[in-house]
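Visitor: I would like to learn how to read surface features and pockets. Can we work through a case together?
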Amino acid sequence: MKALNLTKEENEIEKDFEKYKPVSKGTRNHIERIIEGSRKSRPISLRINKVDLERLKKKADKNGLPYQTMINVVIHKYVTDSYLDKEEIDKYLQLKKAG
């Protein structure tokens, strides 16, 4: 039998396998519903300023993404509070310095 080449993450899982415990059926169903919901997308129509759209397309191209994917990433980061605004970071750093 041919040996498998595992990634670092897969090796960690293999090493710690005995530490993992099964979850309840209810928890498993809940997790599966979350995963299934995250796979579904819904088309929408959106009006956006022409200049902003061009800038977005340039940034998306620079990052090697289709612009619609870039819009999806920005929205996702915003609604999950993962989006950090440069001005907010600067304000925080100034307050931290002063305090």
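Visitor: In which helix is Asp52 found?

Guide: Asp52 is found in helix α3. Helices are DSSP runs (H or I, at least four residues; strands are E, at least two), numbered from the N terminus. This is a predicted model, where local features need pLDDT of at least 70, side-chain atom pairs count only at pLDDT 80 or more, and totals for chains, interfaces and linings use all residues. Residues are numbered from 1 along each chain as its sequence is written, and side-chain values use heavy atoms, with hydrogens and water left out.

Visitor: Why does Asp52 count as partly exposed?

Guide: Buried means under 20% relative accessible area, exposed over 50%, and partly exposed in between (1.4 Å probe, protein chains only). Asp52 counts as partly exposed because its relative accessibility is 38%.

Visitor: How far apart are Asp52 and Lys25 in sequence and in space?

Guide: They are 27 residues apart in sequence. In space, Asp52 and Lys25 are 47 Å apart, C-alpha to C-alpha.

Visitor: Which residues line the second largest pocket?

Guide: A pocket is found on a 1 Å grid over the protein atoms alone: an open set of points where a 1.4 Å probe fits, with protein on both sides within 12 Å along at least five of seven lines. Lining residues have an atom within 4 Å of a point. Here Asp52 is one of the lining residues, with Arg55, Lys59, Met70 and Tyr83 also among them. α3 (50-62) gives the most, with five residues. The volume is about 320 Å³, counted as the space filled by probe spheres set on the points, which are joined across faces, edges and corners.

Visitor: How much space lies in the largest pocket?

Guide: About 570 Å³. Of its 18 lining residues, Arg42, Ile44, Gln68, Ile71 and Asn72 are the closest to the centre. Helix α4 supplies the largest share of this lining, seven residues. By class, the lining has nine nonpolar, six polar and three charged residues.

Visitor: Is Tyr78 buried or exposed?

Guide: Tyr78, in helix α4 (residues 67-79), counts as exposed because its relative accessibility is 59%.

Key
Nonpolar A, V, L, I, M, F, W, Y, C, P; charged D, E, K, R; others polar.
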